[in-house]
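This briefing concerns a structure and the surroundings of its ligand. Please consult the sequence and the model while reading.

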Amino acid sequence: MIKIGASLISSDLMNLGEVIRKLESAGLDFIHFDVMDGHFVPNLTFGPEMARAIRKISKLPLDIHLMTDEPQKTARWFIDSRPEYLSWHIETPADHLGIISFLRENKVKPGMALNPSTDVQKLMPFLDFLDFVLLMSVNPGFGGQKFIPEVAQKAVEISKKKKLELFIDGGINDKTAPVALRAGITNLVSGSYLVQSQDYSETMKKLKNF
Ligand code: DX5
Ligand code: ZN
């Protein structure tokens, strides 16, 4: 069963409540929430107050994607929004196993995110401890970038070792989703293609139809 998540940063932010309500009634599976700190990536986005505000208006599972230098610190700020998933980047010099236990204690599924240029072999020692992996198919920082197709092969490599939920994030549309799904991706994160479309339900159907 393929799951679709909406990345909100490219949506109509002045009407975010309405956007979320419409996505929810169109059958969205989860909200992908991008946290950028201006250090790990050259951009700033949402913080914990925004996550709490979303939690108040929607029952959709929250998928927090930390693009921050100190994920062991920032992860704590999001626990009271009761996310289903939380990912942080393997490229950060963090205590990865410590973050995993902290998330498990708080009933949040831990996932590690990989930049497009990061070797998938670096992830292998952590696979047994994770519930999911998030493969970046663009360089993190901005919505609306072009999909890097070579990244899909990482899903094939991971699936040989372990079955877990595999997310792909960046440049997903009706042309690139099939490439990802054929490689074994289970969760598609879509930003600009989905949230800027007119009919969310039709767009989600196109993403799942490969
Ligand atoms: C990029 C973010 C993505 C992005 C996806 O740093 O992590 O979630 O918003 O947007 P699109 O689908 O437009 O590439
Ligand atoms: Zn993201």
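The notes below treat the ligand site and then two individual residues.

The model is predicted. Ligand 1 is surrounded by 19 residues, and the space that ligand 1 takes up is the largest pocket.

**Shell around ligand 1**

- The closest of the 19 surrounding residues are Gly141, Gly144, Asp169, Gly191 and Ser192.
- Sorted by class, the shell around ligand 1 comprises 11 polar, 6 nonpolar and 2 charged residues.
- At least two shell residues come from strand 2 (30-36), and at least two likewise come from strand 3 (62-67).
- Strand 2 provides the largest share of the shell around ligand 1, namely 3 residues.

- From the side chain of Ser7, a polar atom lies 2.8 Å from an oxygen atom of ligand 1.
- Gly171 places a backbone N or O atom 2.8 Å from an oxygen atom of ligand 1.
- For Gly191, a polar backbone atom is 2.8 Å from an oxygen atom of ligand 1; Gly191 is also listed among the closest residues to the ligand.
- The protein buries 100% of the 380 Å² that ligand 1 exposes when taken alone.

**Ser190**

- The relative accessibility of Ser190 is 0%, and because the cut-off for a buried residue is under 20%, Ser190 counts as buried.
- Between the C-alpha atoms of Ser190 and Gly170 the distance in space is 6.9 Å, while the two residues are 20 residues apart in sequence.

**His89**

- The side chain of His89 forms a polar contact of 3.0 Å with the side chain of His65.
- A further polar contact, of 3.4 Å, links the side chain of His89 to that of Asn115.

Notes. Residues are numbered from 1 along each chain as its sequence is written. Chains are lettered from A and ligands numbered from 1 in the order in which they are written. This is a predicted model: local features need pLDDT of at least 70, side-chain atom pairs count only at pLDDT 80 or more; totals for chains, interfaces and linings use all residues. Side-chain values use heavy atoms; hydrogens and water are left out. A residue is near a molecule or strand if one of its heavy atoms lies within 4 Å of it. A polar contact is a pair of N or O atoms within 3.5 Å; within protein, one must be able to donate a hydrogen and the other to accept it, and residues adjacent in sequence count only if both atoms are side-chain atoms. Accessible areas come from the Shrake-Rupley method with a 1.4 Å probe; for residues, only the protein chains shown count as cover. On a 1 Å grid over the protein atoms alone, a cavity is a set of points where a 1.4 Å probe fits but cannot get out, and a pocket is an open set with protein on both sides within 12 Å along at least five of seven lines; lining residues have an atom within 4 Å of a point. A molecule sits in a cavity or pocket if more than half of its atoms lie within 2 Å of its grid points. Helices (H or I, at least four residues) and strands (E, at least two) are DSSP runs, numbered from the N terminus. Ala, Val, Leu, Ile, Met, Phe, Trp, Tyr, Cys and Pro count as nonpolar, Asp, Glu, Lys and Arg as charged, and the others, Gly among them, as polar. Buried means under 20% relative accessible area, exposed over 50%, partly exposed in between (1.4 Å probe, protein chains only).
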